[in-house]
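Subject: Handing over the two-chain model

Dear colleague,

I am passing the structure on to you, and you will find it directly below. After it I set out what was found, taking one topic at a time.

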Amino acid sequence: MPNWVDEVEPMTFKGQIAVPYTWWVGDTGSRFLEAIRDQATFLGTRCPDCDTVYVPPRKNCGRCFTALDQWVEIARRGVVTAFTIVRANHPLQPVKSPFAYALIRLDGASVSILHLITKDLARLSIGVTVEAHFKEASQRTGHILDIDHFQII
Amino acid sequence: MDNIAIIGLAQTRYERRKKDKIFLDLVYETTTAALDDAGLTIDDIDNVVTVSNDFFDGRTISGMAVGDAAGAYDKNISTVEGDGAFGAMYGAMRVLGGAGTTLVVAHCKGSEGDTATITNGMFDPIYQRHLGINAVTSSAIQANAYLHRYGITEQDIAMVSVKNHGNAKNNPFAQLPMDICVDDVMTSKKIADPLKLLDCSPVSDGAAAIIIADEKTAGRAAKPPVWIKGMAHCADEYFLGDRDLTNPRSLRQAAQKAYAMAGITDPFKEIHVAEIYEAFTYMEPLWLEGLGFCEPGQGPSLLKDGVTTMDGRLPVNPSGGVLSAHAVLVAGLARIIEIAEQLRDTAGARQVTGAGMGLAHGINGPCGQSHCVWILSKEK
Ligand SMILES: [Zn+2]
């Protein structure tokens, strides 16, 4: 049986779904983003049952299923717990490769936050200390990219 | 658990781009083929479970759009938005719940969207998505952490690519049968360290379907039923930074539950073949650790020692695995189908001799957040 594509031109139809959203960030997230924007500091929440300190802050502990309402100030400095150096480019990546995605456990936090390391990649390894570099105050909007990158120190 | 079985199955050949088939064609083709395989007609089907993802399909409520092609007219239809192994488990639960014979059909055309953009969408929109992270780059973080923790080399995981692409040569459904060596993997294009192109599964188009039935219905199936002895799933935390990415806790728990359900006490001894969801090379050894086939960190030794090769004690991914065809969502259902073929003794050139009990595995969420484990058997 001949394949139909030999008899008829297989047509394509281009589409582009652009569905706008405006997500309210909620009280927990708003406090976190406001602290980044206004003070260039990190806030986390601590679980009263297991002492886990979450950054970014969570409203309930997934492990204990307990509500979290203790706010903790977290250092700008921490250690890399895992990373990858990205070699390929994609339009959604905010910087050109090579750069690194790193999970960073900030001092005072129990879990790691995902962010970018863009410089000194040859010195990057699990366990190195890094520090957050924020954008200028005038440039900060309450966005995860108000943290420009983490710098190896 | 009551005795239930897979009595019909079908999958398409997986291809990089199926320009001759739309979603509906794929769903209709696999549904019809699964019915033929079972010796049933659409009138024998009581429930339809479709498996699809709105972002991949580029439409909302994508499950409802394929109902007509899945024979759901005048029947109940529901959709699992997640891997097909989870969709199949929901289908099995419909049967166990007394709702009758159930069709589970999964489809995906990775070629029609942009996988990096789509998988970026699974990450938190406020804290993670703007960083541009996706399935590949997040998995690279996990791979790096795993290699670092146990002193595993990139060559060690490259061997998985060599084995599975080699196995795919025996699988007429596979997309990427290849004769390659470790050096080919090592010198393939760098994507995100330590992952190179040949450490990664391809973008694929394809579909798969199974029919699950109770014992009575299974008795009139055209081919020997494949009995479902155990199934379980378990989820870990959502945020990557909350998890120990080198310790698949949720897989361990899912496996233990599935083994207990199947009465398995020594999985290494009792299971003869496994099809597991290795979207990237490092996942095969890591998931084998989580499945309890070896101690943590020992996963790569199983391949080095020849345990998981076709002539080893526990062949893993005789089909070529997900590395050789990765229709997202379909891939977990394909693992179940591959094990069912093994247990029916119909796996052709990829047949594992004497396979009586097999394991199929699917994952959902970034870096294997959730795992689904199936134990299937030739014997009731
Ligand atoms: Zn807690």
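In which loop of chain B does B:Pro194 lie? B:Pro194 belongs to the loop between strand 5 (190–192) and strand 6 (195–196) of chain B, where helices (H or I, at least four residues) and strands (E, at least two) are DSSP runs numbered from the N terminus.

Before going further, please note that this is a predicted model, in which local features need pLDDT of at least 70 and side-chain atom pairs count only at pLDDT 80 or more, while totals for chains, interfaces and linings use all residues. Residues are numbered from 1 along each chain as its sequence is written, chains are lettered from A and ligands numbered from 1 in the order in which they are written, and side-chain values use heavy atoms, with hydrogens and water left out.

Backbone features

The peptide bond that joins B:Asp193 to B:Pro194 is cis, with omega at about 5 degrees. In chain A, a cis peptide bond links A:Val55 with A:Pro56, with omega at about -5 degrees, and A:Pro56 sits in the loop between strand 2 (53–54) and strand 3 (70–74) of that chain. A:Asp51, a residue other than glycine, has a positive phi near 70 degrees, and its place is the loop between strand 1 (42–46) and strand 2 of chain A. B:Ile61 is not a glycine either, yet its phi is positive at about 50 degrees, and this residue is found in the loop between helix 2 and helix 3 (62–65) of chain B.

Where the chains meet

Counting as contact any heavy atoms within 4.5 Å, 37 residues of chain A touch 33 residues of chain B. The buried area, which is the accessible area (1.4 Å probe) that two parts lose on being put together, summed over both, is about 3,000 Å² between chain A and chain B, with 65% of it given by carbon and sulfur atoms. On the side of chain A, the residues that lose the most area to chain B are A:Arg87, A:Leu92 and A:Leu114, which together make up 18% of what that side buries.

A:Arg87 also takes part in a salt bridge with B:Asp193, side chain to side chain, at 2.6 Å from N to O; the term stands for a side-chain nitrogen of Lys or Arg within 4 Å of a carboxyl oxygen of Asp or Glu. There are 3 salt bridges between chain A and chain B. Residue pairs in polar contact between the two chains, both at pLDDT 80 or more, number 15 (a polar contact is a pair of N or O atoms within 3.5 Å; within protein, one must be able to donate a hydrogen and the other to accept it, and residues adjacent in sequence count only if both atoms are side-chain atoms). Strand 4 of chain A gives the most to the side of chain A that touches chain B, with 5 residues. By class, that side has 26 nonpolar, 8 polar and 3 charged residues, where Ala, Val, Leu, Ile, Met, Phe, Trp, Tyr, Cys and Pro count as nonpolar, Asp, Glu, Lys and Arg as charged, and the others, Gly among them, as polar.

Pocket and cavities

On a 1 Å grid over the protein atoms alone, a cavity is a set of points where a 1.4 Å probe fits but cannot get out, and a pocket is an open set with protein on both sides within 12 Å along at least five of seven lines; lining residues have an atom within 4 Å of a point. Grid points are joined across faces, edges and corners, and a volume is the space filled by probe spheres set on the points.

The largest pocket has a volume of about 1,800 Å³. It is lined by 43 residues, of which A:Ile17, B:Phe55, B:Gly58, B:Gly113 and B:Ile118 are the closest to its centre. Helix 2 of chain B supplies the largest share of this lining, 4 residues.

There are 4 cavities of 30 Å³ or more, and the largest cavity holds about 80 Å³ of space. Its lining has 15 residues, and the largest share, 5 residues, comes from helix 14 (residues 330–344) of chain B.

With best wishes
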